[in-house]
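The sequence and the structure are shown first.

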Amino acid sequence: MIIDSIKKSNGFLQLVTGTVVFMAFVISSNFLKDMSKEATVVGASLRFLLSVILAGIWYYFIKSEKLFNKSIKLSRMSKIWLTILILLFIAFLVVALNIGDNIQGILSGGFGLFLPSLLVVLSAGIFEEFLVRGLFFSGILNLFQNNRFKLILTSLISSAIFGLLHLVNIIHSPVQAVLQQVFYVTVIGLVFAIIRITANSL
């Protein structure tokens, strides 16, 4: 009973810490963006550094990236379905995000556009994975530790949080575009949660 209470309080602490750090990241990112409009490489580099530092802090709070002592053993059929799911997910990303045109546009901009774009993408990936699939996922899992459906509930809630965090983009983008982003990012978050569980790793 005492261990359950400790885990629940740790889960709550992880969620509060993640929320505070997310708000700090948004504020500091906007500050860096305004401060370095002329020097996009500098701004992107600072944002990347901030993401790595925050990832280190979150790693300290979650103690380990592993959810289980032993990884889940998947049957052959489960591996096939997981592969199909991942391939469908990649196809969805290519179509929905218009990745081909985006990559072509970035590459045509030369190194001056490629390097900042790469740093921004890496910083977003590091930041979001350690925050949502790391700190928030662990915190929610601790809160539902005695529930039989804890992995399903944690996956659904962390995916919804992942989607809702993108509402912050309303500051710079049209509402309809942001709401569409929230929807497909929630779906993406669910796929990432499945991968997080089956791989037992970030």
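This is a predicted model: local features need pLDDT of at least 70, side-chain atom pairs count only at pLDDT 80 or more; totals for chains, interfaces and linings use all residues.

1. Two packed helices are described by the angle between their axes and the distance between the axes. For helix α3 (residues 76-96) and helix α7 (residues 175-199), the axes come within 11 Å and cross at roughly 150°. The angle is over 145°, the cut-off for this class, which makes α3 roughly antiparallel to α7. The crossing in which α3 passes α7 is left-handed.

2. On the α3 side, the contact with α7 is made by L82, L85, I86, F89, F92 and L93. Helix α7 contributes Y184, I188, V191, F192, I194, I195 and T198. By class, the residues of this α3 and α7 contact comprise 12 nonpolar, one polar and no charged.

3. Helix α7 also meets helix α6 (residues 150-165), the two axes coming within 7 Å and crossing at roughly 140°. The α6 and α7 crossing is right-handed, whereas that of α3 and α7 is left-handed.

4. Which residues form the contact of α6 with α7? From α6 come L151, S155, L156, S159, A160, F162, G163 and L164. Their counterparts in α7 are V182, V185, T186, I188, G189, L190, A193 and I197. The residues of this contact divide into 11 nonpolar, five polar and no charged. I188 of α7 is listed in the contact with α3 and also in the contact with α6.

5. Q181 is a further residue of helix α7. The side chain of Q181 is joined to that of N169 by a polar contact of 2.8 Å. With residues up to four places away in sequence left out of the count, Q181 touches H166 and N169.

6. Side chains of opposite charge can pair when their charged atoms come close. How many salt bridges does the structure hold? There is one salt bridge in the structure. The partners are E129 and R133, whose closest N and O atoms are 2.6 Å apart. Both E129 and R133 belong to helix α5 (residues 111-143), where they are four residues apart, about one turn of the helix.

7. In summary, α7 packs against α3 through a contact with no charged residues, and the contact of α6 with α7 likewise has no charged residues. The salt bridge is formed by E129 and R133, both in α5.

Technical notes
Residues are numbered from 1 along each chain as its sequence is written. Side-chain values use heavy atoms; hydrogens and water are left out. Axes are lines fitted to C-alpha atoms, for helices over the stretch in contact, and angles run from 0 to 180 degrees between N-to-C directions. Helices (H or I, at least four residues) and strands (E, at least two) are DSSP runs, numbered from the N terminus. Angles under 35 degrees count as roughly parallel, over 145 as roughly antiparallel, 65 to 115 as roughly perpendicular and the rest as oblique. A crossing is left-handed if the near helix is turned anticlockwise from the far one by less than a right angle, and right-handed if clockwise. Contact means heavy atoms within 4.5 Å. Ala, Val, Leu, Ile, Met, Phe, Trp, Tyr, Cys and Pro count as nonpolar, Asp, Glu, Lys and Arg as charged, and the others, Gly among them, as polar. A polar contact is a pair of N or O atoms within 3.5 Å; within protein, one must be able to donate a hydrogen and the other to accept it, and residues adjacent in sequence count only if both atoms are side-chain atoms. A salt bridge is a side-chain nitrogen of Lys or Arg within 4 Å of a carboxyl oxygen of Asp or Glu.
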